[in-house]
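Visitor: I am new to this structure. Please take me through one part of it closely, and then show me how that part sits in the rest.

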Amino acid sequence: MSRPKVAVVGYPNVGKSTLVNRLSSTRETVVHEQAGVTRDRKEVDADWNGVEFTLIDTGGIDIADDDVLGESVRHQARAALADADLGVLVVDARAGLRPGDAELAAELRGGPLPVVVVANKVDDFGQAGMASEFYGLGLGDPLPVSATQGLGTGDLLDLIAERLPKQDSDEDEETPVRLALIGRPNVGKSSLVNKLLGQERVIVDDRAGTTRDAIDTQIELDGRQVVLVDTAGLRRRPKVAGTVDYYAQLRSERAAERADVAIVVCDANEGLTSEDLRVADVAMQNDCATVIALNKWDVTRTDLEDAKARVTQKLRQRPPVLAVSAESGRGLARLVAAALERADRSTEQIQTAQLNRFLSDLQTAKQPPAKRGRRLKMYYMAQFQTSPPRFAIQVNDRALVTRSYAYFLENRLRERWKLDGVPLVIDYKGKDRD
């Protein structure tokens with residue numbers, strides 16, 4: 001059973017994202033003093049006194065803003081309200097009642113959704129009277145809170161838990177596979193997410209840096225429960241230090257840490273660049289399986305074989321390279337199948353007997369190296385961990401294991417069990433157990 005949802009809406013820069021972080025006891029949403037940081041709707045799980053629910057952080061709604069991006073933000077916020085069981089209208093107690101608050105309240109009063117008014121930025125009890133001005137919104141008693149200090153947030157959580165519909169827990173619910181789309185700015189990650197979902201779930205704009213947070217969306221693909229994670233574009237950290245993009249980048253890196261598979265999206269117009277390889281390496285360092293998607297294939301014809309050769313040469317995990325188009329949908333079914341296969345391979349346990357036959361065949365095919373008259377001997381191999389797969393090989397002397405032979409063994413292991421794109425860890429254990 002899905003969790004009930006609470007949509008947090010309001011005028012720009014009233015503290016919605018800060019409030020979501022406070023209520024969920026996380027730092028999931030990007031918070032910055034600059035107005036308009038949040039654009040897409042981001043879902044964050046929370047619970048209070050045994051009641052589980054999902055908070056939906058939204059961009060600031062400014063009805064007077066006629067910019068195309070501003071209209072997209074309003075569309076996402078309204079979609080969040082349509083999907084929610086309860087609305088939380090956040091207003092700025094310090095700024096007082098503004099025309100934008102009244103316009104949004106009038107829209108909410110005409111809808112079926114129950115709404116709680118939260119007067120934010122009340123940083124001590126002596127300022128609680130500032131909330132009374134918002135009785136004029138006609139949405140009930142305004143609740144004074146401070147998202148920064150935590151004042152009144154316990155009362156707000158009590159009210160949310162009370163207003164939400166009761167849900168029956170489902171202990172047998174399938175754990176979804178997390179697929180994170182990562183890549184450089186403006187390579188089409190959000191467009192791919194929207195095409196897979198069949199709806200405009202995340203904002204797409206020609207301007208680079210439109211996405212500023214990691215946006216999770218659950219969907220069923222190929223009969224499997226999947227969480228698609230759209231992320232902000234990854235740049236080199238020194239280029240974004242101290243900016244909103246810096247915090248967005250941290251969320252993108254954390255999304256790779258939490259994902260089962262990272263789909264590294266590249267622009268086929270530019271081919272596979274060194275920056276794309278660096279992004280793929282970020283995923284590998286986080287023990288995340290990877291698949292590379294060359295997007296915009298409908299408007300270019302990059303040398304696919306050359307891209308595959310570069311991946312084989314430069315990336316240790318050797319992820320598959322697939323040509324796709326977010327515009328036409330070409331190749332997306334194969335991309336999803338490849339990503340889910342990598343997730344499954346990461347959790348498989350290979351039988352010890354099979355591994356030892358593999359080890360014997362490997363030493364027959366290529367004799368292990370020797371140093372100063374002593375030759376490497378490998379006696380026994382077993383897998384003792386999954387996600388990522390981790391193996392132990394008992395050898396006569398760990399110092400005899402050369403880098404080239406270790407890579408040879410790893411590559412043959414990938415070929416034998418189709419582990420291309422899957423992170424592997426291989427431990428060599430000498431007789432002294434080092």
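Visitor: What covers the buried residues of helix 7?

Guide: A word on the source comes before the answer. This is a predicted model, in which local features need pLDDT of at least 70, side-chain atom pairs count only at pLDDT 80 or more, and totals for chains, interfaces and linings use all residues. Residues are numbered from 1 along each chain as its sequence is written, and side-chain values use heavy atoms, with hydrogens and water left out.

Now the answer. The cover of the buried residues of helix 7 includes strand 7 (177–183), strand 10 (261–267), strand 11 (289–295) and helix 8 (304–314). Helices (H or I, at least four residues) and strands (E, at least two) are DSSP runs, numbered from the N terminus. Buried means under 20% relative accessible area, exposed means over 50%, and partly exposed lies in between (1.4 Å probe, protein chains only).

Start with the helix. Helix 7 spans residues 274–285 and has 12 residues. From its first C-alpha to its last it reaches 16 Å, close to the 16 Å expected at 1.5 Å a residue. That expected span is 1.5 Å times one less than the number of residues. The buried residues of helix 7 are Glu275, Asp276, Leu277, Val279, Ala280, Val282 and Ala283. Just after helix 7, Asp287 takes a positive phi of about 55 degrees.

Next, strand 10. Strand 10 is mostly covered, with 7 of its 7 residues buried. Both of its faces are covered. One side holds Val261, Ile263, Val265 and Asp267. The other holds Ala262, Val264 and Cys266.

Strand 10 has partners. Two strands pair if DSSP finds at least two bridges between them. Strand 7 and strand 10 run parallel and are joined by 5 bridges. Leu179 has Val261 as its bridge partner in strand 10. Strand 10 and strand 11 also run parallel, joined by 7 bridges. Here Val261 stands opposite Ala289 in strand 11. The chain passes from strand 10 through helix 7 to strand 11, and this β-α-β crossover is right-handed. Right-handed means that, with the strands pointing away from the viewer, the path from the first strand over the helix to the second runs clockwise.

Strand 7 deserves a stop. Arg178 lies in this strand. Is Arg178 buried or exposed? Arg178 is buried, because its relative accessible area is 16%, under the 20% limit. Contact means heavy atoms within 4.5 Å. Leaving aside neighbours within four places in sequence, Arg178 is in contact with Asp216, Val227, Val229, Arg258, Ala259, Asp260 and Val261.

Cys266 counts as buried, at 0% relative accessibility. Cys288 is buried too, with a relative accessible area of 0%. A disulfide is a pair of cysteine sulfur atoms within 2.5 Å. By this rule the count comes to 0 disulfides.

Now step back to the whole chain. There are 11 helices and 17 strands. Of the 434 residues, 53% count as buried. Among contacts with a separation of 6 or more, 70% come from residues 24 or more positions apart.

An open sheet is formed by 6 strands in the order 2-3-1-4-5-6, with mixed pairing. Its edge strands are strand 2 (42–48) and strand 6 (143–144), each pairing on one side only. Strand 1 (residues 5–10) and strand 3 (residues 51–57) pair in the parallel sense over 4 bridges. Ala7 stands opposite Ile56 in strand 3.

Last come the aromatic rings. Rings of Phe, Tyr and Trp (its six-membered ring) pair if their centres lie within 6.5 Å; planes under 30 degrees apart count as stacked, over 60 as edge-to-face and the rest as tilted. The structure holds 2 aromatic pairs. Phe358 and Trp417 are edge-to-face, because their ring centres are 5.6 Å apart and their planes stand at 65 degrees. This pair links distant parts of the chain, with Phe358 in helix 10 (residues 352–365) and Trp417 in helix 11 (residues 403–417), 59 residues apart. Both Phe358 and Trp417 are buried. Tyr405 and Phe408 form a tilted pair, 5.6 Å centre to centre with 50 degrees between the planes. Tyr405 and Phe408 are 3 residues apart in helix 11, so about one helical turn separates them. Both Tyr405 and Phe408 are buried.
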